Amino acid sequence: MIVDIGKSDVVVTNLYQYDYGQSMDFSGGQIIDGTEVHFFQGEYGCRTEVKGNSAPIPDYLLMNSKKILAYLYVADELIGKTIKRLTLLPLPREKPPDYLEPSRPEDYSRLLPVGGDENEVLTIKNGEPVWLDLYKEYASDEELAQVAQAIPEFATMREIEEILYMEE
């Protein structure tokens with residue numbers, strides 16, 4: 001599928017649940033080989049790389065129709081920078097009878113520990129991330145600072161909130 005990265009807001013809608021072997025072929029600008037594509041779906045994430053101005057979409061992410069956020073991320077030894085944010089909106093469809101579940105990407109991981117209900121805050125207790133009820137316990141400034149340091153720099157707080165509270 002052609003993805004025009006020359007637009008300010010890139011939203012991909014010509015993608016279907018259960019499709020496999022899909023890739024994004026970038027137009028509207030040249031993306032250098034090796035540029036990472038960080039994918040986030042709900043509280044999970046994984047990544048692929050751009051080669052020949054194209055990047056594969058992990059089949060595993062298309063097992064459901066949840067919104068996928070993708071960030072084009074250029075990094076070297078000295079600096080890392082997000083150059084474009086993409087929103088992929090897979091359209092729901094019935095599961096084909098011959099559908100084979102794809103393997104989970106090796107780097108597919110949960111971004112935050114289990115929890116994170118509406119009235120909870122993420123903090124560090126005894127070196128481990130935990131969710132605290134805002135009305136029962138309070139995190140210290142030091143514990144909150146430890147959490148802040150662990151958040152990837154390429155995401156703003158607004159983007160993290162979008163990842164955490166995406167529509168199902």
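The side chain of Gln 41 reaches the backbone oxygen of Lys 66 at 3.1 Å. The model is a predicted one, with local features needing pLDDT of at least 70 and side-chain atom pairs pLDDT 80 or more, while totals for chains, interfaces and linings use all residues. Numbering runs from 1 along each chain as its sequence is written, and side-chain values rest on heavy atoms, leaving out hydrogens and water.

Gln 41 belongs to strand S4, which spans residues 36-41. Gln 41 counts as buried because its relative accessibility is 5%; the scale runs from buried (under 20% relative accessible area) through partly exposed to exposed (over 50%), with a 1.4 Å probe and protein chains only.

Zooming out, the chain has two helices and 11 strands. These elements are DSSP runs numbered from the N terminus, with helices (H or I) of at least four residues and strands (E) of at least two. Along the sequence, the order is β-β-β-β-β-β-β-β-β-β-β-α-α. Of the 168 residues in the chain, 37% are buried. Among contacts (heavy atoms within 4.5 Å) with a separation of 6 or more, 54% come from residues 24 or more positions apart.

Tyr 18 is placed in the loop between strand S2 (10-12) and strand S3 (23-27). Asn 53 is in the loop between strand S5 (44-49) and strand S6 (54-56). Tyr 18 counts as buried because its relative accessibility is 13%, and Asn 53 is buried as well, at 12%.

Then there are the rings. The structure holds four aromatic pairs, where rings of Phe, Tyr or Trp (its six-membered ring) have centres within 6.5 Å, and planes under 30 degrees apart count as stacked, over 60 as edge-to-face and the rest as tilted. In one of them, Tyr 18 and Tyr 99 have ring centres 4.8 Å apart and planes at 70 degrees, so the pair is edge-to-face. This pair links distant parts of the chain, with Tyr 99 in the loop between S8 and S9, 81 residues away from Tyr 18. Tyr 99 is buried too, at a relative accessible area of 15%.

Tyr 60 and Tyr 108 also make an edge-to-face pair, at 4.9 Å centre to centre with 75 degrees between the planes. They bridge 48 residues of sequence, from the loop between S6 and strand S7 (68-75) to the loop between S8 and S9. Tyr 108 counts as buried at 13% relative accessibility. Ring pairs also bring in Tyr 44, which forms a cluster with Tyr 60 and Tyr 108.

Back at Tyr 18, its C-alpha atom lies 9.2 Å from that of Leu 100, 82 residues apart along the chain. Leu 100 sits in the loop between strand S8 (80-88) and strand S9 (109-110). Leu 100 counts as exposed, with 72% relative accessibility, whereas Tyr 18 is buried.

Terms used: Polar contact = N/O pair within 3.5 Å; in protein donor to acceptor, adjacent residues only side chain to side chain.
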